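Open your viewer and get ready to select residues by number.

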Amino acid sequence: MTLNVDSIPENVPPELVVDFDFYTIDELGKEDIQLAWSTLHDGPDIVWSPHHGGHWIATRGEDIEAMQLDYEHFSHRQFTVPRNDIDQHALPLGLDPPAHTPFRKSIMPTFMPQSIKKLEAVARDTARQLISEIAPRGKCEFIGDFAKVLPINVFLGMVNLPFEHSKFLLPWAEVMVRTSDAAARNEVYVNMQNYLTPYIDERMANPGDDVISMVITSDINGRPPSREEVFGMSTLLLFGGLDTVASQLGFIAHFLARNPGHRRELIEQPNLRARATEEFLRRFSLPNTARVLTGDYRYKDIQFLKDDLILMPKCLHAMDDRKNANPAIVDFHRKPSEVKHVAFGGGPHICPGAVLARREIMIFMDEWLAVIPDFELDPDKSTVMKSGPVNGVLELHLKWSV
């Protein structure tokens with residue numbers, strides 16, 4: 001785009017302006033979205049993009065960590081770019097402490113060890129069944145055939161919604177985490193509200209043992225949550241559960257298909273898989289979340305103004321050579337203390353589903369590599385990657401000998 005200097009706010013130094021639209025870096029990042037993001041490390045630590053109404057981007061780990069913790073200046077009530085009216089209703093993600101605390105507490109029992117153990121069993125059974133169907137074919141479209149099905153099976157069971165509804169829930173989730181079109185996101189939000197309302201009403205009358213019922217019967221500072229609050233929490237849980245693990249598995253399978261040496265390491269040394277999981281989470285970090293300034297605030301040499309948006313891409317933290325040596329290299333032998341990432345966020349908003357996500361990644365490696373140890377990209381078909389609020393692999397065609 002041609003930059004119009006008249007459109008640059010007065011508090012933005014011209015030398016910090018970059019022509020970087022994170023929704024359209026597909027060509028640059030068609031084989032490595034995270035590497036495409038890391039081109040921003042060639043410039044200033046904090047930059048300003050004129051795209052999508054204009055927003056800042058923190059490119060270095062130190063600043064991303066500081067801003068994630070400083071909710072008094074960098075609020076979570078707006079966490080996507082471009083700004084919209086939906087984020088504040090996504091509970092508890094759209095709230096700052098202390099308001100967010102009781103809402104977060106209401107969903108935490110779902111991710112306690114006993115619950116995780118049950119969900120892990122469902123995930124492993126699902127993975128084995130899917131792989132037994134896929135393996136004889138000698139090829140698959142990994143995202144649709146495996147990566148999306150595994151977490152959906154787990155998650156729709158958690159919320160006790162029909163599995164066949166994934167046919168329309170998945171496209172809705174794709175819109176919410178990849179598009180910059182505010183109208184399209186609002187349409188999906190309304191669709192989700194219409195879809196969930198009957199289930200919420202039913203469970204408010206007759207709570208069960210599912211996550212939505214758990215939210216309904218929770219205590220929010222001495223009162224039950226309102227219908228609107230239950231919808232906000234349920235929507236966030238659904239969209240989070242329907243996409244993020246699938247996207248992570250897509251990046252991992254893409255890497256392993258292109259790197260037989262790493263694949264062989266995982267097969268010959270199963271004890272490396274826990275370390276590999278952390279390294280994959282670091283190297284292929286997904287969320288590109290934002291914050292909104294609560295007031296005018298000077299940070300380092302930059303004068304932020306009230307309501308400024310600043311994007312904090314988790315992959316830029318992980319790909320920062322000030323945080324990780326040789327950050328573009330996947331190395332399963334890094335010491336745990338040397339693997340620096342914020343793939344699940346940080347501070348009060350750290351993802352409550354982190355343990356479950358790690359288990360699902362481990363299950364993929366355990367079950368897939370045991371049956372399909374050698375696989376590669378299908379040379380006749382293209383891989384499709386996409387950036388947005390969440391980095392993702394949309395299509396991944398694999399093949400192997402049978």
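Strands here are DSSP runs of E with at least two residues, numbered from the N terminus. Keep in mind that this model is predicted.

**Stop one: two loop residues.** Select H52. You will find H52 in the loop between strand 1 (46–49) and strand 2 (55–58). Its phi is positive, about 55 degrees, although H52 is not a glycine. Most residues other than glycine have a negative phi.

Now select N160. This residue sits in the loop between helix 6 (149–159) and helix 7 (166–178). N160 also is not a glycine, and its phi is positive, about 55 degrees. With 48% relative accessibility, N160 counts as partly exposed.

**Stop two: two cis bonds.** Most peptide bonds are trans. Select L91 and P92. The peptide bond from L91 to P92 is cis, with omega near 0 degrees. P92 lies in the loop between strand 3 (74–75) and helix 3 (101–107). Next, select P97 and P98. The bond from P97 to P98 is cis, again with omega near 0 degrees. P98 is in the loop between strand 3 and helix 3.

**Stop three: a helix.** Select residues 227–258. This is helix 10, with 32 residues. From first C-alpha to last, helix 10 reaches 48 Å, close to the 46 Å expected at 1.5 Å a residue. Where does helix 10 bend? Select G240: the bend there is about 25 degrees. Helix 10 is mostly covered, with 26 of its 32 residues buried.

Note on methods. Residues are numbered from 1 along each chain as its sequence is written. This is a predicted model: local features need pLDDT of at least 70, side-chain atom pairs count only at pLDDT 80 or more; totals for chains, interfaces and linings use all residues. Side-chain values use heavy atoms; hydrogens and water are left out. Helices (H or I, at least four residues) and strands (E, at least two) are DSSP runs, numbered from the N terminus. The expected span of a helix is 1.5 Å times one less than its number of residues. The bend at a residue is the angle between axes fitted to the seven residues ending there and the seven starting there. Buried means under 20% relative accessible area, exposed over 50%, partly exposed in between (1.4 Å probe, protein chains only).
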